[in-house]
Amino acid sequence: MKIGSHVSVSAPDYLLGAVQEALSYEANALMIYTGPPQNTRRKAVSEMKIAQAHAMMEEHGIAATSMIVHAPYIINLANVVREETFTLAVEFLAKEIERVKEIGATVLVLHPGSHVGAGEQEGLDRIISGLDLAMEQIGSIQIALETMAGKGSELGYRFEQLRYLMDHAKYGDHLRVCLDTCHIHDAGYDLTQFDEILAQFDSVIGLERLACLHINDSKNIRGAHKDRHANIGFGEIGFHDLCKIVHHPKLQETVKILETPYVDGHAPYRHEIAMLKKGVFEPELLEHIRREEA
């Protein structure tokens, strides 16, 4: 199983520290942001200890393809209302693509965007325009459009919307999908019928386009369109169905990333990864983390 979590890229060790954090969770995959997800401030890649990080990954059997990069949330290619917001999104996404190349990763996860009241079709077409501009130097990088919950004016909450972007973008052959379990649950997909969801995904998009998964439980009932992550087994999806997903034979080679909430300021990932590997739910998980970290 290729499984890991979001890890921090921070001083003084940056990417090397991120790999060390992933290893502390007994993970063989990881997801990073190249800088703060809420702003455009970025450290020069040359200072991020890239070579040392890749050497450590190789030593521990973590492939470069198991390191996922997530684009910052401030990128909104769907904004039809404010031209300056759209321009910033295009320029910053193009820069992030270059940073992914320098870091030595291959997949950049991107929230498709929110149409901020302009309408879904206008928003989708605006995303296509933005992708066409930002991906001019895409090289061998894949952009994985994330499935969204449909909160507010979010786009990408139906497989058909992602397919539309792939079919109409100039560099659509470089577009992939990151499937988020919390998001599709909140969007209305029934994860108790995951085989049917995969069949639908394959029919609409194609399983070969599935770049990675975000494995998260949800604090909301199915179809709530709210996007509030819960710890594994402590939400409305439940451990049983999430465990079936991570062990699904058709997803054996697909990278799975946890983005679950911290527990009293402590990362739960080592415990959650262990539970999913064993296939055994430990309901005392949260209290165990509190005791261990105290």
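Visitor: Which residues in α1 meet those in α2?

Guide: Contact just means heavy atoms within 4.5 Å. Leu 15, Leu 16, Val 19, Gln 20 and Leu 23 are the ones from α1, and they meet Ile 50, Gln 52, Ala 53, Met 56 and Met 57 of α2. Sorted by class, that contact has 8 nonpolar residues, 2 polar ones and no charged ones. (Ala, Val, Leu, Ile, Met, Phe, Trp, Tyr, Cys and Pro count as nonpolar, Asp, Glu, Lys and Arg as charged, and the others, Gly among them, as polar.)

By the way, this is a predicted model, with residues numbered from 1 along each chain as its sequence is written. Local features need pLDDT of at least 70, side-chain atom pairs count only at pLDDT 80 or more, totals for chains, interfaces and linings use all residues, and side-chain values use heavy atoms, with hydrogens and water left out.

Visitor: At what angle do α1 and α2 pack?

Guide: Helices are DSSP runs (H or I, at least four residues; strands are E, at least two), numbered from the N terminus. Each axis is a line fitted to C-alpha atoms over the stretch in contact, and angles run from 0 to 180 degrees between N-to-C directions. α1 and helix α2 (residues 50-59) pack at about 25°, with axes 7 Å apart. That is why α1 counts as roughly parallel to α2; the cut-offs are under 35 degrees for roughly parallel, over 145 for roughly antiparallel, 65 to 115 for roughly perpendicular and oblique for the rest.

Visitor: And how do α4 and α5 pack?

Guide: Helix α4 (residues 120-134) and α5 make an angle of about 40°, their axes 9 Å apart, so these two are oblique. On the α4 side, the contact is made by Glu 120, Gln 121, Leu 124, Asp 125, Ile 127 and Ile 128; α5 brings Gln 161, Tyr 164, Leu 165 and His 168. The classes come to 5 nonpolar, 3 polar and 2 charged residues.

Visitor: α5 has a contact with α7 too; which residues meet there?

Guide: Phe 159, Glu 160 and Arg 163 of α5 meet Ile 197, Gln 200, Phe 201 and Val 204 of α7. That contact has 4 nonpolar, 1 polar and 2 charged residues. Helix α5 (residues 159-168) and helix α7 (residues 194-204) pack at about 25°, axes 10 Å apart.

Visitor: How much space lies in the largest pocket?

Guide: A pocket is an open set of points on a 1 Å grid over the protein atoms alone, where a 1.4 Å probe fits, with protein on both sides within 12 Å along at least five of seven lines; lining residues have an atom within 4 Å of a point. Points are joined across faces, edges and corners, and volume is the space filled by probe spheres set on them. The largest pocket holds about 400 Å³. Its lining has 21 residues, with Tyr 33, His 70, Tyr 73, His 111 and Asp 227 nearest the centre. By class, the lining has 7 nonpolar, 8 polar and 6 charged residues.
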